[in-house]
Amino acid sequence: MATLDACEARMDFPIFRQEASTLPLTYLDSAATSQRPEVVLRAIDRFYREANANVHRGVYALSEAATALYEGARARVAQFIGAASAREVIFVRNTTEGINLVAWTWGKTNIRSGDRIILTELEHHSNLIPWQLLAAEKGAILDFVPIADDGCLDLEEFDRLLAKHPKLVAFTHVSNVLGTINPVREMVRHAHAAGALVLIDGAQSVPHMPVDVVALDCDFLTFSGHKMCGPMGIGILYGKQALLEAMPPFLGGGDMIREVGLHGATWNDLPWKFEAGTPDAGGATGLRAAVDYLAALDMEAVHQHEVTLVTHLMAELRELPYVTIYGPAAGQERAGVVSFNVGEIHAHDVASILDRRNVAIRAGHHCGQPLMRRLGTSATARASLYLYSTEEDIVRFLDAIREAATIFHL
Ligand SMILES: Cc1ncc(COP(=O)(O)O)c(C=O)c1O
């Protein structure tokens, strides 16, 4: 199996090569957004320098070149996630937009008063609010799979909720707060057996581990380019072709139509039916470069690197008596995300003290307010790892945590 040399990979990222700061950057906020390697920055730059034109419209060479880059990116993403066809891959802005697209197209036509949708207590607000809005409009019922105290889903309760015949189950593959890796294959199987469709929020899984939509058999999967070395503003919604064909369009405008009259229109084929207006072709080109970069590193190697590093980080954190760690024990079912608190110090103060050492972590509710309530806290500090995170990062992080504890006399 391929292994990852994170110190070598780190050199691919210009942000880690900056000389201005006397302190090296310890970036432990990749769950919020990743850094981008040189190859991605160059691909975006090259698009605008050498191939910039609007896609799908021009009959001249430059527009055809831009279109080829845009559609080539789609085909590459389809291959990366194992989709049967590039038609099943829709460019959106981010995970949030992908979920909203499903809620406002599939949801509007399929959800009626009294219908049930299952979510979980682990969800990011992105996979909660669109369903709350839909449920309020349609009179639908949201059910929630609870978590046990170790941060893992209660799968027996999941089965009990499935017995109420939900129309849809939507859940995150990996928790952005607790690092829990959910048993998605098994959950999809149970949901399908109960007659429900499944949407997977892949924001924290697709960037970090191999994900194959055919093997998972999910109906929808959505993720963001900016969390996987790609640019901000481009993301993906995967959907099974038959479902996407049956769904009405999301946004209306140019490119998503076939024939337009003053009082009506017909829709373009997949995937363009869901891509109204000028798309982010430069972003798609950057995302393609990111996918090529990740694939060359090997996604299983990326995952194993993070498992090794997070196991070490958690073991060291546990040595500090004033630190509370949330979520499951380290292991293969634990991603490189660690939420914690340091004594009674507010998470924002912890993050500010770490920042003095150029250690960047996130603090707050992480867009998971219901989960914070379940954990009995208003906020946590969160360190999250990626392929360029190293043992040195962990050492600098731990030193800064000890300093915070000293400042607060813990
Ligand atoms: C699990 C999860 N879902 C959804 C999102 C939303 O992603 P975006 O802001 O790129 O739409 C995030 C972002 O942190 C996330 O971690």
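Buried residues, defined as those with 20 or more other C-beta atoms within 10 Å of their own C-beta atom, placed from the backbone, make up 50% of the 410 residues in the protein. The structure is a predicted model, in which local features need pLDDT of at least 70 and side-chain atom pairs count only at pLDDT 80 or more, while totals for chains, interfaces and linings use all residues. Residues are numbered from 1 along each chain as its sequence is written.

The protein contains 14 helices and 15 strands, taken as DSSP runs (H or I, at least four residues, for helices; E, at least two, for strands) and numbered from the N terminus. Strands β3 (residues 116–120) and β4 (residues 141–145) pair in the parallel sense over five bridges, where pairing requires at least two DSSP bridges. In this pair, Arg116 stands opposite Ile141 in β4.

Ala51 lies in the loop between α2 (38–50) and α3 (61–80). Ala51 counts as buried because 21 C-beta neighbours lie inside 10 Å. Beyond its neighbours within four places in sequence, Ala51 is in contact (C-beta atoms, placed from the backbone, within 7 Å) with Leu62, Ala65, Ala66 and Leu69. For Ala51 and Leu69, a sequence separation of 18 residues corresponds to a C-alpha to C-alpha distance of 8.4 Å. Across the protein, 71% of the contacts with a separation of 6 or more are between residues 24 or more positions apart.

Around the ligand there are 14 residues, of which Asn94, Thr96, Asn176, Ala203 and Ser224 come nearest; a residue is near a molecule if its C-beta atom, placed from the backbone, lies within 6 Å of it.

How values were computed
Buried ≥ 20, exposed ≤ 12 C-beta atoms within 10 Å, placed from the backbone. Contact = placed C-beta atoms within 7 Å.
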